[in-house]
Amino acid sequence: MRPVRAPGRARQAGLALLLLLPALPGHAQEFFADALQALRDSDIDFQRGESNAPFVPVASLSTRLYDEGRLVDGRDNTVLEFEQRTVSASALLPLHIGQRDALFSGAWVSRSTFETDEPSADDFSVASVGLPLGWLRQVDEQWQAAAFIMPLGHRSTQNNANWSLQTMGGAFARYLHSDRLWWAVGLFVDSGPKERYALPYAGASWIINPRWTLSAVMPWPAVLYAPTQDWLFRLGAAPAGATWTVQPGDDDIAVNLDTWNFGLTAERHLAGSAWVALEAGVGGLRGVRLNADRADFDGGDISVGSSGYLALSLRLRAR
């Protein structure tokens, strides 16, 4: 089967992102500076240990291109080759910052395009929108409490499908064991059209020295290396994103946390709060599945091959 390629559109997506790099920091710099200064002046303690690694991004814009993937149906040896492109943007903004409490809101939008030359499966795309709302409280010098809820909407272009609604949320506690070590426990819940579950949560982060950090914060486990305050390298995993249906007839679209990417990211400080990141790696079970309408469907007969991916991102971080 001839692989599906779209080099022209992939180059255009990368060029469009590069053109935004010099423009976005200048417009957003002052807006984020005031909010970050308010956090610094509060009693909320994000990190005590000395580290070259920057603060988590407060906004990002990224484009991601996967190489051809391969899906095999063991029942009839049907082989489906596909290509995926994703563009996404996110921002987290403070609604209120007090001395010990902070309330955050934001937005996450994403559009993924799925292409294949298999006659039984049409090309389609998936649009996703999420509106997170979070709360954080500094209980005392060592303990923090946090909670969030994020309604999500997904819509596929398959058969003019309707929007599919999903809700994620959770409550957590973080204990600052020392200047270099903290751990967290909590509960994560996910409610979608066909699946609802609750999972206990545990995570930790250890600043080994100013250059190295071991992060066991799920679902983003990683090793961080920051040789200076202007460079950051990350080796680790992250959720791959949404689950899509290849065959028309099943409009169920949802984000899940059981599909993973594993890669290496190199990130460079540009100016002010702006960073640019280039990531490369391997995407394994990327949430692609056959239509389960047939009575003889057996998910165990389906295998998905891994494929490489490349991502370019612009991020705004606190210094």
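A salt bridge is a side-chain nitrogen of Lys or Arg within 4 Å of a carboxyl oxygen of Asp or Glu. The legends below describe close-up views of a predicted model.

**Figure 1. The salt bridge between R317 and E267.** The closest N and O atoms of R317 and E267 are 2.8 Å apart, and the two residues form a salt bridge. R317 lies in the segment after β20, whereas E267 belongs to strand β16 (residues 260-271), so the pair ties together parts of the chain that are 50 residues apart in sequence. R317 counts as buried, at 7% relative accessibility. E267 is likewise buried, with a relative accessible area of 2%. A network of salt bridges links E267, R315 and R317. The structure as a whole holds 4 salt bridges.

**Figure 2. The salt bridge between E279 and R64.** Side chains of opposite charge can pair when their charged atoms come close. Here the side chains of E279 and R64 meet at 3.6 Å, N to O. The pair links distant parts of the chain, with E279 in strand β17 (residues 274-283) and R64 in strand β1, 215 residues apart. E279 has a relative accessible area of 12% and is therefore buried. R64, at 22% relative accessibility, counts as partly exposed.

**Figure 3. The salt bridge between R137 and D101.** The side chains of R137 and D101 meet in a salt bridge with an N to O distance of 2.4 Å. Distant parts of the chain are linked by this pair: R137 is in strand β6 (residues 133-138) and D101 is in strand β4 (residues 101-116), 36 residues apart. With a relative accessible area of 31%, R137 is partly exposed.

**Figure 4. The aromatic pair of Y66 and Y309.** A search of the whole structure finds 9 aromatic pairs. The ring centres of Y66 and Y309 are 5.6 Å apart and the ring planes stand at 50 degrees, so this pair is tilted. Y66 is in strand β1 (residues 59-66) and Y309 is in strand β20 (residues 307-316); the pair thus links distant parts of the chain, 243 residues apart. Both Y66 and Y309 are buried.

**Figure 5. The aromatic pair of W143 and W183.** A pair of aromatic rings is described by the distance of the centres and the angle of the planes. For W143 and W183 these values are 5.8 Å centre to centre and 85 degrees between the planes, and the pair is edge-to-face. W143 lies in strand β7 (residues 143-156) and W183 in strand β9 (residues 181-191), 40 residues apart, and the pair links these distant parts of the chain. W143 is partly exposed, with a relative accessible area of 31%. W183 also counts as partly exposed, at 32% relative accessibility.

Figure 6. G203 is located in strand β10 (residues 196-207). Its relative accessible area is 10%, so G203 is buried. Leaving aside residues up to four places away in sequence, G203 touches W182, W183, A184 and A216. G203 and V185 are 18 residues apart in sequence, and their C-alpha atoms are 6.6 Å apart in space. At W182, one of the residues touched by G203, the charged end of R174 sits over the ring, 4.8 Å from its centre.

**Figure 7. The contacts of S215.** S215 has its place in strand β11 (residues 212-215). With a relative accessible area of 13%, S215 is buried. Not counting residues up to four places away in sequence, S215 touches A204, S205, W220, P221 and A222.

Figure 8. W206, I208, W212, L214, V223, L235, F262 and L264 form a nonpolar patch on the surface. Together these residues have about 730 Å² of accessible area. Strands β11 and β16 each supply at least two residues of the patch. L214, one of the patch residues, lies in strand β11. L214 is partly exposed, with a relative accessible area of 40%.

Note on methods:
Residues are numbered from 1 along each chain as its sequence is written. This is a predicted model: local features need pLDDT of at least 70, side-chain atom pairs count only at pLDDT 80 or more; totals for chains, interfaces and linings use all residues. Side-chain values use heavy atoms; hydrogens and water are left out. Rings of Phe, Tyr and Trp (its six-membered ring) pair if their centres lie within 6.5 Å; planes under 30 degrees apart count as stacked, over 60 as edge-to-face and the rest as tilted. Helices (H or I, at least four residues) and strands (E, at least two) are DSSP runs, numbered from the N terminus. Buried means under 20% relative accessible area, exposed over 50%, partly exposed in between (1.4 Å probe, protein chains only). A charge sits over a ring if NZ of Lys or CZ of Arg is within 6 Å of the ring centre and within 35 degrees of the ring normal. Contact means heavy atoms within 4.5 Å. Patches are made of residues with over 30% relative accessible area and no salt bridge: like charges are joined within 9 Å, nonpolar side chains (Val, Leu, Ile, Met, Phe, Trp, Tyr) within 5 Å. Accessible areas come from the Shrake-Rupley method with a 1.4 Å probe; for residues, only the protein chains shown count as cover.
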